[in-house]
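Here is a friendly briefing to read alongside your model. Keep the 3D view open as you go through the points.

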Amino acid sequence: MLKKFRTQLIKFIVTAFVFAALVGCASSSATGSKKRNSTPLKIDSSIESGKLSNGMKFYVQKNTEPKNRIYLRLVVKAGSCMEEDDQRGVAHFVEHMCFNGTEHFAKNDLINYLESTGMQFGPEVNAETIFEQTTYMLEIPADNPEILAKAMLVLHDWASAVTFNQEDLDAERGVIVEEWRARMQSLSGRMLNQYVPAVFKGSRFEDRLPIGDMDIIRNVSRDRVVDFYNKWYRPDNMTVVLVGDAETSTMKAAIKTAMESIPARKDKFEHPDYVVQNHTGANIVMMPDKEMPYPIVEVYHQSNDEASTTEWHQNEYFKTLLLSGVMNERLAAITNSAKSPWLVAQASGTNLSNMNSLRGLVCVPKDGQFEEAFKLLMDEADRMVAFGPTEDEIARQKTNLLTGAEQNYNARESISSASKAGSLVSYVTQGHVPLSAEEYLKLVKKLLPSVTKEDVQNTAKEIFAD
């Protein structure tokens, strides 16, 4: 029961924050490291890519798990950060309108058709809008060419032929307001409303929560919604991803047939890159809420990251994994002791935008032991910075990473198409090179032995700065 309770606490930590101490540095964790190894990472050789004549990119990958399924993704590099001040929430509004009628699918016809093929709205038909992109998702049977062609026609219409019927648009305002009420008036929503401005202060992200401003949603004109769609939904700002139990030639042909008919834009397009301004000192954020059942302490280092494209980046990643492993081992030993001042503690990390991350420590103090838990958490960080890990600790964590890579390689035939599609979306949006299980294992064997306890200690110094 205690293990299950701890798991529930950890899951809750991701979305609810009562006390967060955000300690930032202006540099990424890469600063000050040894000379870079610029050897490029090798993209999984089973991935095929291309660009259509209109500028739209595509990636396809044959994968047989699960059998007879194809996962389709349309990635539009436009999210809430691309909205003007009078459009806050419009990126998400456009996503909703894609399901309310297009050139080839009148209102309700789209969902009715997809459900007629056995798909369910939610797990197999969905979309999400975040700060920097909007992603549309379909999962279809692989054994019917007509369904593949029709699914690609759906992506075509989402990319270029949404109708934005005024009556449907007005009706959708209420749907979005109800979604906002359900999500943002909950405990996690209230915490998010305080957390995001604190972390993103001074950047484009600060007041661009994807759900938007409900006053704008209630009153924005159809013209301003269409303006956003016309500006950002252009073929040279979109990528199609297909992964599944079909030949790559079949998937490429389906993409070209459906998407190459979208006209190329003649105007020059430069995609904006919005940078998060990292905090340069201690930033204390306290978020009390009467519905919060227990306090949570989070201490984070904030950094702007680089896309993982070289062996140097992979080596830096391994250092972070080793540090997290050692810290979690130490914190777990305290948690399991009779005198532990917390219910659970762990090394934690999250990406708040495509290239901005938080890395640090989290704990849930026991009743009446807030100060003891916070002090001990800081003591453990200080101990790692001052003395680093032991050789035995590093050896155990290296063994764990190697074992995990070997298990991943041995289970490579069972890696799901959904997971591989997700890696390709990450490649499109963040630039992280998708590696095969074989290549990842090779990198672990090649790079991990040379990582020293001093390397891990230096990583700790960067993450636990100030």
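**Salt bridges and overall build**

Arg 173 and Asp 170 sit three residues apart in helix α5 (residues 166-184), which is about one turn of the helix; helices here are DSSP runs of H or I with at least four residues, strands are E runs of at least two, and both are numbered from the N terminus. This is a predicted model, where local features need pLDDT of at least 70 and side-chain atom pairs count only at pLDDT 80 or more, while totals for chains, interfaces and linings use all residues. Residues are numbered from 1 along each chain as its sequence is written, and side-chain values use heavy atoms, leaving out hydrogens and water.

- Arg 173 forms a salt bridge with Asp 170 (a side-chain nitrogen of Lys or Arg within 4 Å of a carboxyl oxygen of Asp or Glu), and their closest N and O atoms are 3.0 Å apart.
- Arg 173 is buried at 12% relative accessible area, whereas Asp 170 is partly exposed at 37%; buried means under 20%, exposed over 50% and partly exposed in between, with a 1.4 Å probe and protein chains only.

- Lys 446 forms a salt bridge with Glu 311, with 3.0 Å between the closest N and O atoms.
- That pair links helix α14 (residues 437-447), which holds Lys 446, to helix α10 (residues 311-335), which holds Glu 311, across 135 residues.
- Glu 311 is buried, at 7% relative accessibility.
- Asp 245 forms a salt bridge with Lys 62, and here the closest N and O atoms are 3.9 Å apart.
- Asp 245 lies in the loop between β7 (238-244) and α9 (248-259) and Lys 62 lies in strand β3 (residues 57-62), so this pair ties together parts 183 residues apart in sequence.
- Both partners are partly exposed, Asp 245 at 22% and Lys 62 at 33%.
- Lys 62, Asp 245 and Glu 247 are linked in a network of salt bridges.

**The whole chain**

- A search of the whole structure finds 26 salt bridges.
- The chain has 15 helices and 11 strands.
- Of its 466 residues, 51% count as buried.
- The C-alpha atoms fill a box of roughly 65 × 50 × 45 Å along the principal axes.
- Among contacts (heavy atoms within 4.5 Å) between residues at least 6 apart in sequence, 84% join residues at least 24 apart.
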